[in-house]
Amino acid sequence: MQEFMFHLPTKVYFGFQTLKKLGKETKKLGEKALIVSGRNFARKTGILKRVEDLLKRTGVKVALFEGVEPNPSIKTVERGADLSKRRECDVIIGLGGGSAIDTAKGIAVLSNNSGPLTHYLGRDKVKNHPLPIIAIPTTAGTGSEVTPYATFVNNKKIPPRKEMITDRLIFPRVALVDPQLTLSLPLSVTADSGVDALSQAIESYISKKSQPLSEILALKAVELLAQYLPRVMKNPKNLEFRSFCLYASLLGGMAIAHTGTVLVHGMSYRLTSEFGVSHGRAVGVLLPWVCQFNLGSSYSKFSSLAKALGDKTKNLSEQERAKKSIEKIREL
């Protein structure tokens, strides 16, 4: 049996109405919260006001940092950290997709560590504990609510490059994963984030760093997304379908927290930073090709992937079944 370590310091609440726990959980961590959100989704849908109201009811003071762009820049994080310091915030809340949650992680780092943010790009470079982070995902995609990663565009590089902070100190303390918050997502964002979640789960499963527990999480995420992502695209208001996709994204996040991703994500960053392709679409374009390239490394794993992706063809050899996984990825 392979030896492994599994560390997940994030307290996870999953289910309908889990957002109601926000005030109580925030109060345990601090008295003044900075809410970090995207350009307009949280405000337009009323989610931002709900979050503000829940905090204020429990006596938590609120500051807002809105306008986080997709694929956030280092400059955005540094502006948010300046606001956090000026308003003397002691808790950072990431409300939105991976971009908002990653930005919250970066702000939490710079609120307790001197800048610039580039000092902390790389692995295990954060010296002082960041401010505590609460993550509230509104997309079923990155799983950033349960990972030690935060990715930013470094515009000081020519061409601009996506770079990452990897540090166990930036795991959120609490994740409030409420499927109802994903109901208003546009179909394009639903598709892109869902494919990102699928890719992360597959990449985790085929990674050389995979381990028994991460493989269970990754395969289950693949199985759920293969079943429910197409259903969500046809019935976007179906809360049950949305729930399974969000759950799959959470599982995938837990898996990559321990394995990282592979060549799909590594290659996709250039498509995003140089050509403006959305992250989910970029990994979706690359995923079948990278899997095809890696197919011979483990027919057993790719055969298991084919089954998780829904292949029910009978009487196939392991190698033939493995090849079916590429077909199923392309179909999806």
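I take buried to mean under 20% relative accessible area, exposed over 50%, and partly exposed in between, with a 1.4 Å probe and protein chains only. Helices (H or I, at least four residues) and strands (E, at least two) are DSSP runs, numbered from the N terminus.

**Entry: ground rules**

I am working on a predicted model, where local features need pLDDT of at least 70, side-chain atom pairs count only at pLDDT 80 or more, and totals for chains, interfaces and linings use all residues. Residues are numbered from 1 along each chain as its sequence is written, and side-chain values use heavy atoms, with hydrogens and water left out.

**Entry: helix α11**

I started with α11, residues 299-308. Which of its residues are buried? I listed K301, F302, S303, L305, A306 and A308. Next I looked up what covers them, with contact meaning heavy atoms within 4.5 Å. The cover includes α6, α7 (212-234), α10 (279-294) and α12 (318-331). After α11 comes G310, with a positive phi near 105°.

**Entry: helix α6**

I found 15 of the 20 residues of α6 buried, and noted the helix as mostly covered. It runs over residues 187-206. From first C-alpha to last, α6 reaches 28 Å, close to the 28 Å expected at 1.5 Å a residue. The expected span is 1.5 Å times one less than the number of residues.

**Entry: whole chain**

I counted 12 helices and nine strands in the protein chain. For 332 residues, a compact globule would have a radius of gyration near 20 Å, and the chain's 19 Å agrees. That radius is taken over C-alpha atoms, and the globule rule is 2.2 Å times the number of residues to the power 0.38. Along the principal axes, the C-alpha trace spans about 65 × 40 × 40 Å.

I noted 55% of the 332 residues as buried. The accessible surface is about 14700 Å², with 53% of it belonging to carbon and sulfur atoms. Among contacts with a separation of 6 or more, 75% join residues 24 or more positions apart.

I then looked up the charges. There are 48 positive and 29 negative ones, and their mean positions are 3 Å apart. Lys and Arg count as positive, Asp and Glu as negative; His and the chain ends are not counted. The place of a charge is NZ of Lys, CZ of Arg, CG of Asp or CD of Glu.

I looked at S268 in helix α9 (residues 263-275). Is S268 buried or exposed? S268 counts as buried, because its relative accessibility is 0%. Beyond neighbours within four places in sequence, S268 is in contact with H279, A282, V283 and L286.

I moved to D102, in helix α5 (residues 98-112). At 10% relative accessibility, D102 is buried as well. Leaving out residues up to four places away in sequence, D102 touches S144, Y149, A150, T151 and F152. I also took a distance to M164: 62 residues away in sequence, 9.7 Å away in space, C-alpha to C-alpha.

I found E66 in strand β3. E66 is partly exposed, at a relative accessible area of 30%. Beyond its neighbours within four places in sequence, I noted contacts from E66 to S37, G38, R43 and L48.

K125 is in the loop between β5 and β6 (133-137). At 41% relative accessibility, K125 counts as partly exposed. K125 touches H119, Y120 and D167, residues up to four places away in sequence not being counted. From K125 to R270 I read 24 Å between C-alpha atoms, at 145 residues apart along the chain.

**Entry: backbone checks**

Most residues other than glycine have a negative phi, and most peptide bonds are trans. I looked for departures.

Where does N71 lie? N71 is in the loop between β3 (61-68) and α4 (74-86). Its phi is positive, near 55°, and N71 is not a glycine. N71 counts as partly exposed, at 22% relative accessibility.

E88 has a positive phi of about 55°, again in a residue that is not a glycine. E88 lies in the loop between α4 and β4 (91-96). E88 is exposed, at 65% relative accessibility.

Last, I checked the peptide bond from G115 to P116: cis, with omega near 0°. P116 sits in the loop between α5 and β5 (122-123).

Key:
Areas by Shrake-Rupley, 256 points an atom, 1.4 Å probe, with all protein chains shown as cover.
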